[in-house]
Amino acid sequence: MTTWNVERTKQLPGADAVDSSLGRGRLTATWVELTIRLGVLALLLYWSFVLVQPFITIAIWSAVVTVALYPVYEKLVALFGGRRRSAATVLTIFNLLLVLGPATWLALGLIDSLRTVSEQLDLSTLMLPPPPETIKTWPLVGEPIFQFWQLASTNLSAAFAKIAPQLRPVGGSLLRIAAEAGGNVIKFIIAIVIAGFLFSPAPALMESIRAFSRRIASTRGEELLSLAGSTIRVVSRGVIGVSVLQALLAGIGFVAAGIPGANILTSAVLVLGIIQIGPSIVVLPLIIWSWLTMDTTTALLFTLYMIPVNLLDNVLRPFVFGRGLDVPVLVILIGVIGGTISQGITGLFLGPIVLAVIWILLIAWIKEQDAADSIEEKGR
């Protein structure tokens, strides 16, 4: 009787419409529930990103330092008879000295240079010659330049007071740049300390990262992970290593030639090398200056020494980039330069890693497509 009632109910007019309406209701409820879940997940991810954002740069630098120096750490472990913590401590202390030494040298040199300038620069005794009358004939800018020069030649303090409002934004920008540079140095020091704690558990961490990479890309996850590590080491040697070597040799030349402000100039060579501009804008003017102020023998020796130093990065960097990677040197260089321009010092490593991974995936896709086409042709 019950079965007959059920079958009869199914045959009643409108039963299909009721079932369809119930199905649509369940589907709507499912979509609403899924939307709520995704919204809550997105909110949690957003707040997680907000909380960890101040530490992203430090985390990236810690990973970079750990990966770049891990081969050195393994050699130290063997040297210390398997004592991993002792090796990590010694390597961390050495890295801190390597960073703090040049940073302290630069800071002390900058303070000394500013003190020298402040002692020698006295606006009350500094005199400028009057401007030539021909400046008035210059189109558009001649008259304003002549008036300002005339004021500076008679009252330099009043001239500086006149342009002070225009110089104030420049001073603010310089202070911001100095503050950012100091903040980056502090972040890098913290990253070195954190990297010291990552050396010992690195094998276990690496196994977890490998498992995660296999979940993301089962066939090529470990290959891409190995590529990222190799790229970090190559960029470390090719950019940081070559720039440090070039700055060290340039600093020796500056000190030997008795060039004033050698520490600041050496730091400028280092920074320009890391950001891929090159030291030429520092070295070439100094070579010209040496011929104007030094005797011929000293200027000649300085020139013969500094020209090879200035070209050192052009010789060593492609050689270093070409070793240990199956990625073309041009791809790495584009990643280094583009990453540095767009993301600063962090992009110096992220740029080539991203482009190297994209390049490997592109080549693999092309090869797989060619293999599939050849199999299809053989099947015909």
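How many aromatic pairs does the count come to by the ring-centre rule? I found 3 aromatic pairs, taking rings of Phe, Tyr and Trp (its six-membered ring) as paired if their centres lie within 6.5 Å, with planes under 30 degrees apart counted as stacked, over 60 as edge-to-face and the rest as tilted.

Basis. I worked on a predicted model, in which local features need pLDDT of at least 70 and side-chain atom pairs count only at pLDDT 80 or more, while totals for chains, interfaces and linings use all residues. Residues are numbered from 1 along each chain as its sequence is written, and side-chain values use heavy atoms, without hydrogens and water.

Entry: ring pairs. I noted Tyr46 and Trp47 as edge-to-face, because their ring centres are 5.8 Å apart and their planes stand at 70°. Tyr46 is partly exposed at 49% relative accessibility (buried is under 20% relative accessible area, exposed over 50%, partly exposed in between; 1.4 Å probe, protein chains only). Tyr70 and Tyr73 form a tilted pair, with centres 5.5 Å apart and planes at 45°. Both lie in helix α2, 3 residues apart, about one turn of the helix; helices are DSSP runs of H or I of at least four residues, numbered from the N terminus. I recorded Tyr70 and Tyr73 as buried.

Entry: second largest pocket. I read a volume of about 860 Å³. A pocket here is an open set of points on a 1 Å grid over the protein atoms alone, where a 1.4 Å probe fits, with protein on both sides within 12 Å along at least five of seven lines; lining residues have an atom within 4 Å of a point. The volume is the space filled by probe spheres set on the points, which are joined across faces, edges and corners. Of its 29 lining residues, Val67, Met206, Ile209, Leu225 and Gly229 are the closest to the centre. Helices α2, α6, α7 and α12 each supply at least two lining residues, and α7 gives the largest share, 10 residues.

Entry: Thr303. I located Thr303 in helix α10 and found Thr303 buried, at 10% relative accessibility. Beyond residues up to four places away in sequence, Thr303 touches Ile287, Ser290, Trp291 and Pro308, contact meaning heavy atoms within 4.5 Å.

Entry: confidence. The average pLDDT (the predictor's confidence in each residue, from 0 to 100) is 76 for the protein. Helix α10 has the highest mean, 90, and helix α1 the lowest, 46. Over residues 1-13 the pLDDT is below 50, and I noted 2 contacts for this stretch beyond near neighbours in sequence. Where pLDDT is low, the predicted coordinates should not be read in detail.
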